[in-house]
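Please find below a short note for your review. The points follow the fold from its sheet to the helices.

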Amino acid sequence: MAIQQISVFVENKQGKLVQTVQLLAANNINIRAMSIADTKDFGILRMITSDNAKTKEVLSNDTVVNTAEVIAVKMADRPGALYKVVDILSKAGVNIEYMYAFTASDALGAYVVFRVDDVAQAQKLMDDNGLQSLNDEDIQNL
């Protein structure tokens, strides 16, 4: 199932990232997964949080905040696990725009977050191939 990802445009200056994550901490928002890509002037902080609505509300005052649907697919911790998933998507013509990984407790395992050009098709492919993915409720319960 698709989950919501928050993208925050953070000025690439000393102290800006710490201000952003401090706001989240002060509002009791837990970052479940994150990735940051930088350019000379800005970074794009992509996050999956324990409360996306609150995250967007808290951060929207100072910066540009967007949401996007992504899928988080459970991975085995062994060689070839990632290949299996990207191969399924590739053979079906689903383009992967970017991806990043996160881990939960040992019982919950490791996940790879995919931003793809067709979320519904990608989710169906995961379901059809017996691959577990998270929904927004799962994220809140991690």
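**Note on the sheet and its helices**

1. In this predicted model, six strands form an open sheet with antiparallel pairing, in the order E2-E3-E1-E4-E6-E5. Strand E2 (31–38) and strand E5 (96–103) are the edge strands, each pairing on one side only. On average, and with direction ignored, neighbouring strands of this sheet are turned by 30° against each other.

2. Within the sheet, strand E1 (residues 2–11) pairs with strand E4 (residues 65–75) in the antiparallel sense, over seven bridges. Val8 has Val65 of E4 as its bridge partner. Helix H4 (residues 119–128) packs on the sheet and touches E1, E4 and strand E6 (110–116). The direction of H4 makes about 15° with that of E4.

3. Helix H3 (residues 81–91) has buried residues at Ala81, Val85, Asp87, Ile88 and Leu89. The cover over these buried residues includes E4, E5, E6 and H4. Just after H3, Gly93 adopts a positive phi of about 80°.

4. How do helix H1 (residues 16–26) and helix H2 (residues 52–59) meet, and at roughly what angle do their axes cross? The two axes come within 10 Å and cross at roughly 130°. H1 and H2 are therefore oblique to each other, and H1 passes H2 in a right-handed crossing.

5. The contact between these helices is made by Thr20, Leu23 and Leu24 of H1 together with Thr55, Val58 and Leu59 of H2. By class, the contact of H1 with H2 comprises four nonpolar residues, two polar residues and no charged residues.

Conventions:
Residues are numbered from 1 along each chain as its sequence is written. This is a predicted model: local features need pLDDT of at least 70, side-chain atom pairs count only at pLDDT 80 or more; totals for chains, interfaces and linings use all residues. Side-chain values use heavy atoms; hydrogens and water are left out. Two strands pair if DSSP finds at least two bridges between them. Helices (H or I, at least four residues) and strands (E, at least two) are DSSP runs, numbered from the N terminus. Axes are lines fitted to C-alpha atoms, for helices over the stretch in contact, and angles run from 0 to 180 degrees between N-to-C directions. Contact means heavy atoms within 4.5 Å. Buried means under 20% relative accessible area, exposed over 50%, partly exposed in between (1.4 Å probe, protein chains only). Angles under 35 degrees count as roughly parallel, over 145 as roughly antiparallel, 65 to 115 as roughly perpendicular and the rest as oblique. A crossing is left-handed if the near helix is turned anticlockwise from the far one by less than a right angle, and right-handed if clockwise. Ala, Val, Leu, Ile, Met, Phe, Trp, Tyr, Cys and Pro count as nonpolar, Asp, Glu, Lys and Arg as charged, and the others, Gly among them, as polar.
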